[in-house]
Structures are given as C-alpha cells and as structure tokens.
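Open the model in your viewer and keep the selection tool ready. Each stop below tells you what to pick and what you will find there.

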Amino acid sequence: QPMLRPTFMPAKIELPVILKADVAGSLEALVHSMPEGIEIISSGVGNISENEIMMAKASGAHVVAFNVPIDKTNASLAELEEVSIVSFHIIYELIEYLKDQFQQLIDPLYGIKVSGKAEILAEFKINKDRIAGAKVTEGEIQKDNPLIIMRNNKVLKRTKLKSLKQSKQEVNKVTLGNEFGALFSPNVNFQVGDLIIANANN
C-alpha cells in the first residue's frame, strides 16, 4: 500500500492586534466586528498601559483603541519603541483601518503608487548619521516622497528623507540610473541590498 505524504499547509497570515475600548459594550461589539485576518492577542477596557505597549513591541502587534485617549507618556513610549498606536471614535473607521493594515501585511505595496525604486549599495557614516548610498533602479526618488524600506519582500520600515544628496549636493530628486546618498528620518536599521520604494501618494 502506497505511503501517504504529509500535506504541509502554508502558515496562516494574521495581523496581531491589542484592542482597547472605553466600555465593555463597545469592546464586545468590536470583537464581533473584526475582519478576516485579525488576531486579537489582548483586549480590555480602559487606558492603554505601558505593559500593553511593550507586549505590542514583543509581538509586532498594533495597538488599536476605541474612544480611549492616548496620553503623552504612552504616545512617547510607543514612538520610542516603534509601536503603532492609534485611536478611533467611529467603529467603521477602526475596522477599515484594520482591513488596510492587513492588506499591507499580505501585499506590502497595497495602496502604494510607486514612483521609483532604488537599491542600497553601501553605508557611510558622517558624525553619528548613517547614510545609505543607493542607486535608482526604476523611476525616480523625490525628496518629499514617503518611503518604504524593504528586505526580502517584506516591509522593514516606513520613513522619509531628511537629506538627499547627489555628488555631495543637496537635491530634490534623483533619476533612473543615478546614485545618491540618503539620510532617513525616522532612522532605519538598513543593510546593503535593501530596497527603497518611493510612494507618490504624499
């Protein structure tokens, strides 16, 4: 009798979320309204805590709140720890936000109008700044474009350009085939080989 080969199912893609609401009724309504692909790893009533922000950092979760204010201390902590933390007052808008975030998870360029691409070829240090030396491989890179830094077809970070230089001169854009130096803000822990994607949707 032939042996049956084991069937390997691809891992299910889910967006981890920490969900907070002002009252139990709102929280219950939100839990029952969650779109496909959302994994609630923690939920509760009341303000967002420091522990929840650190849990989000450890798990890669988004902290999503409904009718819950985000105090300055926790907002600063979330920014420092690079944790996504957002608050909504309309359930529909919260649900649409989660749908968009899930689409970006399965398709990193979802909703993006790509105006240019570049590959990071080198790293330079000027004082304390890390400068990415890159070459435009498609379209053009404009200084005011929001950027997506990708590695192995996954989003590493979303950022912007603090400085864009070509031949040591500050410029507003770099076109196909040309090399440039880029200083990112917020900072990016980039590597040689990472891709820079310019988003024309400002």
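A strand here is a DSSP run of E residues, at least two long, and strands are numbered from the N terminus. With that in hand, select H62, which lies in strand β3. This is a predicted model.

**Stop 1: H62**

Is H62 buried or exposed? H62 has a relative accessible area of 13%, so it counts as buried, the cut-off being under 20%. Now show what surrounds H62. Leaving aside neighbours within four places in sequence, H62 is in contact with L15, P16, V17, I18, S84, Y97 and Q101.

**Stop 2: the open sheet**

Widen the view to the sheet. Four strands form an open sheet, in the order β2-β1-β3-β4. Their pairing is parallel. Which strands stand at the edges? They are β2 and β4 (85-88). Each has a single partner strand, so one side of each is left without a neighbour in the sheet. From one strand to the next, the twist averages 25°.

Select β1 (residues 15-21) and β3 (residues 62-66) together. Five bridges link this parallel pair. Look for A21, which stands opposite F66 in β3.

**Stop 3: V45**

Go to strand β2 (residues 38-45) and pick V45. V45 has 46% relative accessibility, so it counts as partly exposed. Which residues does V45 contact, leaving aside neighbours within four places in sequence? They are K20, A21, D22, V23, A24 and L27.

Next, draw a distance from V45 to K143. These two are 98 residues apart along the chain. Their C-alpha atoms are separated by 42 Å.

**Stop 4**

Select β5 (residues 114-126) and β6 (residues 129-142). They pair in the antiparallel sense over 10 bridges. In this pair, F124 stands opposite I131 in β6. The two strands form a hairpin with two residues between them. Click on N127 in the turn, which has a positive phi of about 55°.

**Stop 4: the cores**

Nonpolar side chains tend to be buried together in soluble globular proteins. Look for that here. The largest nonpolar core has 19 residues. Which of them have the most contacts inside it? They are I141, L161, F180, F184 and I196. Strands β5, β6, β7 (147-151), β8 (154-166), β11 (179-185) and β12 each supply at least two residues of this core. The largest share, four residues, comes from β6.

Zoom in on F184. Not counting residues up to four places away in sequence, F184 touches A132, L147, I149, T159, K160, L161, F190 and I196. Another core, of 16 residues, lies apart from the largest one. Among its members are L19, L27, F88 and F102.

**Last stop: confidence**

Colour the model by pLDDT. The protein averages 89, and 94% of the residues score at least 70. Finish on residues 1-10, where pLDDT stays under 50. For this stretch the model has zero contacts beyond four places in sequence.

Note on methods:
Residues are numbered from 1 along each chain as its sequence is written. This is a predicted model: local features need pLDDT of at least 70, side-chain atom pairs count only at pLDDT 80 or more; totals for chains, interfaces and linings use all residues. Side-chain values use heavy atoms; hydrogens and water are left out. Two strands pair if DSSP finds at least two bridges between them. pLDDT is the predictor's confidence in each residue, from 0 to 100. Contact means heavy atoms within 4.5 Å. A nonpolar core is a set of buried Ala, Val, Leu, Ile, Met, Phe, Trp, Tyr and Cys residues joined through side-chain atoms within 4.5 Å. Buried means under 20% relative accessible area, exposed over 50%, partly exposed in between (1.4 Å probe, protein chains only). Axes are lines fitted to C-alpha atoms, for helices over the stretch in contact, and angles run from 0 to 180 degrees between N-to-C directions.
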